Amino acid sequence: ALFWQIPTVATHEYGHHIFSTLAPIDARSGLTALSGCFGHEHRVLAASDAADSRGARTTAELEYALNEGFADLYAYYTLNPSERSVYG
């Protein structure tokens, strides 16, 4: 099967559309409206993330993670159980 034929893939991608509608990207900063939720720093979690071997996270990285998580959850909760998988 092609990925576009799998309901969870198409629905996940539609979830990205919904996320970008709810949190549009500012052309000047390249960040979404959510960046205000993380404070004015462009590098966040530096102190609390010190023990993490991956280091500090940028606002853009956090927004990307939220976007992916939102799209995954949207696909999961809007499809019935038989459509949630890329198998079968």
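Does Y14 count as buried, partly exposed or exposed, and what is its relative accessibility? In this predicted model, Y14 counts as partly exposed because its relative accessibility is 44%, a value in between the limits of under 20% for buried and over 50% for exposed.

**View 1. Aromatic pairs, with Y14 and Y74 as one example.** A search of the whole structure finds 4 aromatic pairs. In one of them, Y14 and Y74 form a tilted pair, with 6.0 Å from centre to centre and 55 degrees between the planes. This pair links distant parts of the chain: Y14 lies in helix α1 (residues 7-22) and Y74 in helix α2, 60 residues apart. Y74 counts as partly exposed, at 24% relative accessibility.

**View 2. The ring pair of Y76 and Y77.** The ring centres of Y76 and Y77 are 4.9 Å apart. Their planes stand at 85 degrees, so the pair is edge-to-face; the cut-off for this class is an angle over 60 degrees. Y76 is partly exposed, with a relative accessible area of 41%, whereas Y77 is exposed, with a relative accessible area of 60%.

**View 3. A cluster of aromatic residues.** Y14, F19, F70 and Y74 are linked into a cluster by ring pairs.

View 4. Together with L73 and Y77, Y76 makes a nonpolar surface patch of about 370 Å².

Technical notes:
Residues are numbered from 1 along each chain as its sequence is written. This is a predicted model: local features need pLDDT of at least 70, side-chain atom pairs count only at pLDDT 80 or more; totals for chains, interfaces and linings use all residues. Side-chain values use heavy atoms; hydrogens and water are left out. Patches are made of residues with over 30% relative accessible area and no salt bridge: like charges are joined within 9 Å, nonpolar side chains (Val, Leu, Ile, Met, Phe, Trp, Tyr) within 5 Å. Accessible areas come from the Shrake-Rupley method with a 1.4 Å probe; for residues, only the protein chains shown count as cover. A salt bridge is a side-chain nitrogen of Lys or Arg within 4 Å of a carboxyl oxygen of Asp or Glu. Buried means under 20% relative accessible area, exposed over 50%, partly exposed in between (1.4 Å probe, protein chains only). Rings of Phe, Tyr and Trp (its six-membered ring) pair if their centres lie within 6.5 Å; planes under 30 degrees apart count as stacked, over 60 as edge-to-face and the rest as tilted. Helices (H or I, at least four residues) and strands (E, at least two) are DSSP runs, numbered from the N terminus.
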